[in-house]
Amino acid sequence: MTDQISARVLDSHACRLGEGPSYEQENDTLFWFDILESRLFEHRFGAGHTLIHELPFMGSALFSVDDVRQLILGDTGFHVRERATGVLTPHTPVEADNPATRSNDARSHVCGAIWFGTMGRDEQKGAGAIYHFHRGKVRLLYPNITVPNSICFSPDGATAYFTDTVTQKLMRVAIDPLTALPAGEPELFFQNTGEGWIDGSVCDAEGNIWNARWGAGAVACHAPDGSVIATIQVEGSPQTSCPAFVGQSYDRLAITSAFKQLGSAALAAAPHAGKTFVAGIRIKGRSEPRVQI
């Protein structure tokens, strides 16, 4: 029997495509994006309120560089963000000459590298890819990806996970823990045959994968052997998109969601669609490593 956990609304702003949650323990702040509306959200737990920052591009992921700077992944590449002012400076272009694509899912590795994905703005088949970024250098890892998601890493940094959502297969691959570059060929971790689609994931301190199920209003926790050991129910928001560990002990899970593509009847039945949630968990989470640019 799996543990059943419930989530509550953390922030009531409804996102057309909420994605990319990232937590910074030093200031007890959660960041996330509404990709399609080009907005960055900043929720300060201590103050209990959320700031909204308008972006000049579609952002999808945020990383900590140091105490002064952050790095944002957007539809034309990476941009440095000054914490104090919010000023953005282009850093490394990615598919900047291809207006048909945008960025999507991404995670940082303990070595300071990033794996990230691109995709067609209209989810064109095979229009995207998964890349490796480190110190300003971008390497293509896997081409012909339709919807890249579930990028995350094992606690020892020796395994990477990812999916092309349309395949319903979460893959894993051995990587060099010193560089985060692949050291083998991807293999199947699990195939989803239940409700919803495999969306964003995060790996906890015990190697369990917490995976958002788009369309199912849930987050499923998979043990290292692929079995489901816990499920978080997100009531009133079927399109759950991505989780992130939050709290000073990383003992809670933040979950973004979306309301895009939901018709009037579906929205009426989903009063919390697009909102951001938080749930208590029993398995210890961990921090997202800072990146090297």
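A: The model is a predicted one. The part to look at is an open sheet of 4 strands, paired antiparallel in the order E7-E8-E9-E10. Strand E7 (59–64) and strand E10 (88–93) each have a single partner strand, so they stand at the edges and one side of each is left without a neighbour in the sheet. On average, and ignoring direction, neighbouring strands here are turned by 25° against each other.

Strand E9 covers residues 77–82 and pairs with E10 in the antiparallel sense over 5 bridges. One of the residues involved is Arg-81, whose bridge partner in E10 is Leu-88.

The loop between E9 and E10 holds Arg-83. The side chain of Arg-83 meets that of Glu-24 in a salt bridge, at 2.7 Å from N to O. Glu-24 belongs to strand E3 (residues 18–24), so this pair links distant parts of the chain, 59 residues apart. Glu-24 is buried, because its relative accessible area of 3% falls under the 20% limit.

The salt bridge count comes to 11. Among them is the pair of Arg-44 and Glu-42, with the closest N and O atoms 3.1 Å apart. Arg-44 is partly exposed at 35% relative accessible area, whereas Glu-42 is buried at 9%.

Another salt bridge joins the side chains of Glu-288 and Arg-107, at 3.3 Å from N to O. Glu-288 lies in the segment after strand E25 (276–280) and Arg-107 in strand E11 (residues 101–108), 181 residues apart. Glu-288 counts as partly exposed at 28% relative accessibility, and Arg-107 as buried at 4%.

Terms used:
Residues are numbered from 1 along each chain as its sequence is written. This is a predicted model: local features need pLDDT of at least 70, side-chain atom pairs count only at pLDDT 80 or more; totals for chains, interfaces and linings use all residues. Side-chain values use heavy atoms; hydrogens and water are left out. Two strands pair if DSSP finds at least two bridges between them. Helices (H or I, at least four residues) and strands (E, at least two) are DSSP runs, numbered from the N terminus. Axes are lines fitted to C-alpha atoms, for helices over the stretch in contact, and angles run from 0 to 180 degrees between N-to-C directions. A salt bridge is a side-chain nitrogen of Lys or Arg within 4 Å of a carboxyl oxygen of Asp or Glu. Buried means under 20% relative accessible area, exposed over 50%, partly exposed in between (1.4 Å probe, protein chains only).
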